[in-house]
Amino acid sequence: MFGQLSGRESLRDLVTVLDAHRSKCYHLGLGDRPVSRNAISLANQTRDFRIFEEFAFFMMEEAGRECTTEVFSLGGSVYAFDSTTISLCLSIFPWARFRRRKGGVKAHVLYDLETHVPSFYHITTASVQDSKAMSAIPYESGSYYVFDRGCNAFAELHRINRLESFCIVRAKQDLKFKNVRWKRRLPKDILGDAEIEFMEDTSFKKYPESLRLVRFHEQEQDRDFAFLANAFKLPALKVANLYRNRWQVELFFKWLKQHLRIKRFWGTSENAVRIQVGVAVAAFCLVAIVRKKLEIKRSAYEMLQILSVSLTDKTPLRELFERSEVTPVVQGTPFLPGFFDEKRLPPQFNGTLVLSRRTLERHLRQLKKEGRIEFRGAPKTGGYFGTET
């Protein structure tokens with residue numbers, strides 16, 4: 001966790017930073033002995049990755065509970081399921097082979113579109129498709145699940161339907177079906193809204209019930225989309241809007257790869273890779289929880305950058321993340337003529353004023369223009385002094 005939040009690129013980098021803060025390691029729970037590379041490397045190989053995965057699942061549950069919001073107001077949670085591939089060097093990670101000369105792992109993530117935190121993740125080799133990983137998802141009754149075109153696994157979609165949940169998946173172009181009934185009056189940008197059944201025997205055996213087919217025209221890109229759904233009471237535009245919000249999981253993958261360490265690993269074994277991915281997800285959830293509880297107005301990126309240089313400080317978190325919008329100005333007596341209106345100062349004034357930076361700079365420019373003050377000293381260490389009158 002320290003390595004993820006501080007942005008360490010390698011195991012040597014992590015050990016060097018910990019050694020520089022050796023006096024604080026005991027209070028961080030790392031013991032009173034120096035942390036060595038051999039110790040961390042051995043832990044990456046021998047400690048079960050499921051311990052860290054369970055901790056990541058716990059943090060995801062806590063973050064989802066803390067960041068609960070009502071965005072779509074559908075009476076249930078809304079999830080998007082997708083995956084991202086993490087490329088690995090095949091000569092260093094031989095267990096991660098998925099092509100002849102390439103290696104990699106794939107993280108299948110169930111992302112909550114309302115709380116903006118992941119709800120579940122599953123690590124496989126890069127050769128496993130999303131449709132095969134759908135069986136690992138812990139479905140919830142009454143929730144909505146949005147899938148991309150690669151998840152046309154009709155057996156899993158029927159399983160969602162039996163659990164009284166709802167699914168929305170982008171349909172393939174070669175889908176063979178027959179219309180059972182359809183709507184004639186359609187809202188703007190909706191090209192079709194019909195109830196269908198599959199014509200192929202294999203597809204009908206996997207999903208023997210009827211589905212809803214919604215055709216939507218996206219004006220900005222001038223493209224047509226087709227969606228399969230089992231939510232018959234949901235408005236057609238709402239179905240298209242839910243799929244449009246599925247793009248948030250792609251933004252999550254981009255943020256995770258850019259700001260956390262899941263592209264360079266501190267170990268070469270499968271156990272080490274799984275541990276590092278689990279800790280990265282836990283770190284993301286930790287930042288989300290702190291941001292929500294303390295009502296911090298900074299972005300998650302800004303918080304992560306501040307934490308990277310403040311992990312060993314004793315500064316309270318709220319004070320650490322607060323934005324400094326005012327600058328304290330201490331004035332002695334007597335006041336510079338024209339700098340402040342002494343008649344408007346309160347009677348309990350003790351010589352200390354709090355001004356915004358913009359107000360202070362305006363006063364300095366005016367006094368300098370009138371010749372009442374002058375700048376003396378070096379540009380970085382000097383200051384303004386009153387001129388003799």
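Reader: How many bridges join strand β1 to β2?
Author: Strands β1 (residues 78-88) and β2 are joined by 10 bridges, and they run antiparallel. Keep in mind that this is a predicted model.

Reader: OK. Which residue in β2 is the bridge partner of Phe 81?
Author: Leu 110.

Reader: And how does β2 pair with β3, over how many bridges?
Author: The pairing of β2 with strand β3 (residues 117-125) is antiparallel, over 8 bridges.

Reader: What's in the hairpin of β2 and β3?
Author: The hairpin has 4 residues between the strands. His 116 takes a positive phi near 60° there.

Reader: Is β2 mostly covered or uncovered?
Author: Mostly covered. Of the 10 residues in β2 (residues 103-112), 10 are buried.

Reader: Which residues point which way from β2?
Author: Gly 103, Val 105, Ala 107, Val 109 and Tyr 111 point one way. Gly 104, Lys 106, His 108, Leu 110 and Asp 112 point the other way. All of them are buried, on both sides.

Reader: Tyr 111 has a ring. Which aromatic cluster is it in?
Author: Tyr 111 forms one aromatic cluster with Phe 252, Phe 253, Trp 255 and Phe 284.

Reader: How many aromatic pairs does the count come to?
Author: The count comes to 17 aromatic pairs. Take Phe 154 and Phe 198: their ring centres are 4.5 Å apart and their planes meet at 45°, so this pair is tilted.

Reader: What parts of the chain does that pair link?
Author: Distant ones. Phe 154 is in helix α7 (residues 154-162) and Phe 198 in strand β7 (residues 190-198), 44 residues apart. Both Phe 154 and Phe 198 are buried.

Reader: What about Phe 225 and Phe 227?
Author: Phe 225 and Phe 227 are a stacked pair, with 6.2 Å from centre to centre and 5° between the planes. Phe 225 and Phe 227 are buried too.

Reader: Where does the charged end of Arg 274 sit?
Author: Over the ring of Phe 49, with 4.7 Å to the ring centre.

Reader: New topic: pockets. How much space lies in the largest pocket?
Author: About 900 Å³. Its lining has 29 residues, and Met 1, Phe 2, Gly 3, Leu 14 and Leu 30 lie nearest the centre.

Reader: Which helix gives the largest share of that lining?
Author: α11, with 7 residues. Among the others that supply at least two residues each are α1 (2-6), α2 (11-20) and α4 (37-46).

Reader: What does the lining of the largest pocket have by class?
Author: The lining has 24 nonpolar, 4 polar and 1 charged residues.

Reader: What volume has the second largest pocket?
Author: About 470 Å³. The second largest pocket is lined by 18 residues. Phe 216, Glu 218, Gln 221, Phe 225 and Arg 244 lie nearest its centre.

Reader: Where does the lining of the second largest pocket get its largest share?
Author: From α9, which gives 5 residues. β8 (211-218) and β9 (223-229) each supply at least two.

Reader: And by class, for the second largest pocket, what does the lining have?
Author: 7 nonpolar, 4 polar and 7 charged residues.

Key: Residues are numbered from 1 along each chain as its sequence is written. This is a predicted model: local features need pLDDT of at least 70, side-chain atom pairs count only at pLDDT 80 or more; totals for chains, interfaces and linings use all residues. Side-chain values use heavy atoms; hydrogens and water are left out. Rings of Phe, Tyr and Trp (its six-membered ring) pair if their centres lie within 6.5 Å; planes under 30 degrees apart count as stacked, over 60 as edge-to-face and the rest as tilted. Buried means under 20% relative accessible area, exposed over 50%, partly exposed in between (1.4 Å probe, protein chains only). A charge sits over a ring if NZ of Lys or CZ of Arg is within 6 Å of the ring centre and within 35 degrees of the ring normal. Two strands pair if DSSP finds at least two bridges between them. On a 1 Å grid over the protein atoms alone, a cavity is a set of points where a 1.4 Å probe fits but cannot get out, and a pocket is an open set with protein on both sides within 12 Å along at least five of seven lines; lining residues have an atom within 4 Å of a point. Grid points are joined across faces, edges and corners, and a volume is the space filled by probe spheres set on the points. Ala, Val, Leu, Ile, Met, Phe, Trp, Tyr, Cys and Pro count as nonpolar, Asp, Glu, Lys and Arg as charged, and the others, Gly among them, as polar.
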